[in-house]
Amino acid sequence: IEAGEPQKAIEIFNRAIKADPTFALPHWNLALALLESGQWHQAWDEYEYGFDCKMRIDRGLIIAGKPRWNGTPGKTVAIYGEQGLGDEIMFASMIPEVLKTNNVVIECHTRLKTLFEKAFPGVPCYGVREDKEISWPQNHNIDYQISIASLGKFYRRSLDAFPGTPYLKADSAPRTNDKFRIGLSWTGGQKAGRVRKRTVPLSWWKTILNNIGCEFISLQYTDCDDEIHLMESMGYEIKQFPEIKAHDYYETAKLVKSCDLVISVCTSVVHLAGALGVPCWCMTPDFPAWRYQNSGRMPWYRSVRLYRQNPND
């Protein structure tokens, strides 16, 4: 999959599954290859094997012992978050569709609580999904529980099923001028290998920063003072705001909402911009994670445009 050959990977994993249909890991890897290549209909069913091979957390086991939701309408469904902030934001695009036919209780990452409360008013939202035990009131008459990622098997089984329209809301941070504001993020990821793949050093951005009619602000959540000071010594101004370090991701959302354009590597800010409907140019590595697809557009957000690295670079 990492080599950008999902079809070859699909063939290999199918052979492994044929040899032992009960072995969960090939099913999980098959799901990732199918997702990367946009074969949505089969991908989501295989994605469920992530629970069996411990690649996904089955948080539902401790939510009042309720069964996983099977798509039945007219119920009260507890939806719990999983994976990173960007993933949880991306998968939250399906919550409005659940709400059309069901009552919902959301358990999310603590940093996303305000953002989701504003997006889904009246929906109980508890920012405790990283707690080992359920700490929110169990008096919502819950019928079912489901992981936010598992909603894909009900709502994203074809490319046409992706609306790509904004679904999060945020006030815009104040601005002091009418210049075209561009938000920048140039490093993403936590693991060393991923950071290298998802970093475009700020010193490489001079062509963009030379647009003197624009105002540039940092959306970089990592410690970047030295990089920004270096660029300032060369005559480039990139404004920093303390809100970007805030625990509540809604503060970052307000900064993103104030931008006319976001330019970013593959990181959670791309998902935030897309979910808010803010135009975003995303620079992907030659073989990005499945969320960005192996080719074509990113179906989750209409406002995000991908600029793909040439594999020969």
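## Terms and basis

A residue is called buried when its relative accessible area is under 20%, exposed when that area is over 50%, and partly exposed in between (1.4 Å probe, protein chains only). The structure is a predicted model, in which local features need pLDDT of at least 70 and side-chain atom pairs count only at pLDDT 80 or more, while totals for chains, interfaces and linings use all residues. Residues are numbered from 1 along each chain as its sequence is written, and side-chain values use heavy atoms, with hydrogens and water left out.

## Cysteines

With a disulfide defined as a pair of cysteine sulfur atoms within 2.5 Å, the count is zero. For Cys-214, the nearest cysteine sulfur belongs to Cys-259, 11 Å away. Cys-214 is buried, at 19% relative accessible area. Cys-224 also forms no disulfide, the nearest cysteine sulfur being that of Cys-259 at 14 Å; Cys-224 is buried, with a relative accessibility of 3%.

## Nonpolar cores

A nonpolar core is a set of buried Ala, Val, Leu, Ile, Met, Phe, Trp, Tyr and Cys residues joined through side-chain atoms within 4.5 Å. The largest has 76 residues, and the members touching the most others are Tyr-47, Phe-91, Leu-168, Trp-290 and Trp-300. Helix 2 (residues 24–36) supplies the largest share of this core, eight residues, where helices are DSSP runs (H or I, at least four residues) numbered from the N terminus.

Leaving aside residues up to four places away in sequence, Trp-290 touches Trp-300, Tyr-47 and Phe-91, among others, contact meaning heavy atoms within 4.5 Å. Another core lies apart from the largest one and has 17 residues, including Trp-205 and Ile-263.

Conventions. Helices (H or I, at least four residues) and strands (E, at least two) are DSSP runs, numbered from the N terminus.
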